[in-house]
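Here is a short briefing on the structure shown below. It is arranged by topic.

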Amino acid sequence: MQRIQDIAIKVETPEGTQTSHGNALPIMHEIHHALQRFSAEGEQSCIDLRSLPFGPGDEEELLRLLGRGEINMTMDALGESTIWETAFSGVWVVDHRNAEGERVALQIEIGSVPQIVFSQQEDIVDAIDRLEEQLGLASP
Amino acid sequence: MADDRKKLSMTLGESLRQQGVSRRGFLKYCAATASMMALPPTMVPAIAQALEKARRPSVIWLSFQECTGCTESLTRSHSPSVENLIFDHISLDYHHTLQVASGDAAEAAREAAMHENEGKYIVVVDGSIPLANPGYSAIAGISNLQMLEETVAGAAAVVAVGSCAAFGGLPHANPNPTGAVSVGEIIKDKPVVNVSGCPPIPTVITGVLAHFLTFGSLPELDDLGRPMVFFGQSIHDRCYRRPFYDKGLFAETFDDEGARKGWCLFRLGCKGPMTYNACATAKWNQGTSWPVESGHGCLGCSEPDFWDAGGFYNALSIPDSDLTRKTGYVVGAGVALGAAAGALNRSTRAKAAAQHETVTIDDLDKKS
């Protein structure tokens, strides 16, 4: 089945009309405060962009203002997720997609590294089991 | 069958691990679930902890006087793998449109699900229930009223999906020939959650089911029985065009300068100020857009009796002649005016319902 993003519709913006609705700037201020809190107190925070009433162009404008930094990552778990540090150190974008490539969550995370990037204890325990099995160390 | 029973007894965490999903994958799933339930990302660890131990609840879906639009909305929802994951983890034991079984076998599946999950299953209803004559709508010779009462008797909770089940909807519209009523007018001894909309937003339907799966309880409800997280704020208060309303900038027709510049659609009949729903944030069609973003006012489809609330293209809230003067006060006091508009609207709607106003092609021509 054809997906809606594959349908070739191009929205043309007449010259002089608005390309965003001014919602990016307040979020930039929220990010600024969150980054200050993280720097001073180590408090991590996360903003769910899908819960915000963005108008056309607002999300693009926010991502443009944030820019791209030094690190880009992809995570392959239940579909591909893209994670990148923005031009502002400590401000990350986490873009979760499902197996069909559709977005299921878009978050701004403020911290040293997004939480989902860390190896998880449950997976580490599982990894030890598999390693032992591979090395023939597993108890019968 | 034995596999199904085993799957039913497994927790969600066990089931996902068995499918080879890593902890990271699980946390991603929890992040998507939090977003779907309109909960803040800080809730993800709590959601992960709860979902880890959650067990698949049995769901019985009953369809009465309805158009199947609600099921269409759900099955064509924009994040199928998350929804599929949810449905992998509830046991949808009866649904006319989706189940393979028919006739006696279908009814036997419903009875078996009720018997095996006594006191724990969820009943989802779409469509209203005719009380004038049971013959107006019956399934397998059982009237809608009888099937509802019989099925709900052993349920943990009822979710009324769509404006027909929640408020009577189109069948209930004046003159209501079938004597259609909502689920809540019949069921008084079980919790009933109204997920209104014509159709409801798919992620709102799954969000309510996910809430029950995650926390084993129902979300907080408003005075019309709708989940506050999705229906707590009006379309108008969450609308990205709201700043234009506050500045008094309105589209007057569907092709004027205001319409092209994306100004407020209030004067073209937008029912945003009196409508409570999550369209402005959840959006439709893979998050592509929603009615106001595509240039058409809100119809108010998640509110009771929206069919009888007068013409969709009539700005009911404030008489046109007063609008310019009133918008003069709007800057900085938009919320107050929104509330006043809502109050005015209720009386106008009551009048419209009483007079059963209709819209003709000529009326539409006059507006455009």
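In which sense do β1(A) and strand β5 of chain A pair, and over how many bridges? The two strands pair in the antiparallel sense, over four bridges. β5(A) spans residues 103-110. This is a predicted model.

**Sheet of chain A**

- The pair β1(A) and β5(A) belongs to an open sheet of five strands, in the order β1-β5-β4-β3-β2.
- Pairing in this sheet is antiparallel.
- A:Ile47 has A:Ile108 as its bridge partner in β5(A).
- β1 (45-48) and β2 (72-76) of chain A are the edge strands; each has a single partner strand, so one side of each is left without a neighbour in the sheet.
- From one strand to the next, the twist averages 20°.

**Contact between the chains**

- A helix of chain B, α3 (residues 23-36), lies across β1, β2, β3 (80-85), β4 (91-97) and β5 of chain A.
- This helix runs at about 95° to β5(A).
- Chain A gives 34 residues to the contact, and chain B gives 33 residues.
- On the side of chain A that touches chain B, the elements giving two or more residues are β1, β5 and α3 (121-134) of chain A.
- β5(A) supplies the largest share of that side, with four residues.
- By class, the side of chain A that touches chain B has 14 nonpolar, 13 polar and seven charged residues.

**Sheet of chain B**

- Chain B has an open sheet of five strands with parallel pairing, in the order β2-β1-β3-β7-β9.
- Its edges are β2 (91-95) and β9 (192-195) of chain B; each has a single partner strand, so one side of each is left without a neighbour in the sheet.
- Neighbouring strands are turned by 20° against each other on average, direction ignored.
- β1 (residues 58-63) and β3 (residues 122-126) of chain B run parallel and are joined by five bridges.
- B:Val59 has B:Ile122 as its bridge partner in β3(B).
- Helix α8 (residues 144-152) of chain B packs on the sheet and touches β1, β3 and β7 (157-161) of chain B.
- The direction of α8(B) makes about 170° with that of β1(B).
- α11(B) lies across β3, β7 and β9 of chain B, and runs at about 155° to β9(B).

**Domains of chain B**

- The domain assignment gives domain 1 (57-231) and domain 2 (235-367) of chain B.
- In chain B, 16 residues of domain 1 are in contact with 16 residues of domain 2.
- On the domain 1 side, α9 (162-167), α11 (202-215) and α12 (228-231) of chain B are the elements that give two or more residues.
- By class, this side has nine nonpolar, six polar and one charged residues.

**Nonpolar cores**

- The largest nonpolar core has 105 residues, of which B:Val123, B:Val125, B:Val158, B:Val159 and B:Ala160 touch the most other members.
- Both domain 1 and domain 2 of chain B give residues to this core, so it lies between them.
- Leaving aside neighbours within four places in sequence, B:Val158 is in contact with B:Val123, B:Val125, B:Val152, B:Val183, B:Ile187, B:Lys190 and B:Val192.
- Another core, of five residues, lies apart from the largest one; among its members are B:Cys198, B:Cys301, B:Phe306 and B:Ala309.

Technical notes
Residues are numbered from 1 along each chain as its sequence is written. Chains are lettered from A and ligands numbered from 1 in the order in which they are written. This is a predicted model: local features need pLDDT of at least 70, side-chain atom pairs count only at pLDDT 80 or more; totals for chains, interfaces and linings use all residues. Domain bounds come from an automatic or database domain assignment. Two residues are in contact if their C-beta atoms, placed from the backbone, lie within 7 Å. Ala, Val, Leu, Ile, Met, Phe, Trp, Tyr, Cys and Pro count as nonpolar, Asp, Glu, Lys and Arg as charged, and the others, Gly among them, as polar. A nonpolar core is a set of buried Ala, Val, Leu, Ile, Met, Phe, Trp, Tyr and Cys residues joined through C-beta atoms within 7 Å. A residue is buried if 20 or more other C-beta atoms lie within 10 Å of its own, exposed if 12 or fewer, and partly exposed in between; C-beta atoms are placed from the backbone. Two strands pair if DSSP finds at least two bridges between them. Axes are lines fitted to C-alpha atoms, for helices over the stretch in contact, and angles run from 0 to 180 degrees between N-to-C directions.
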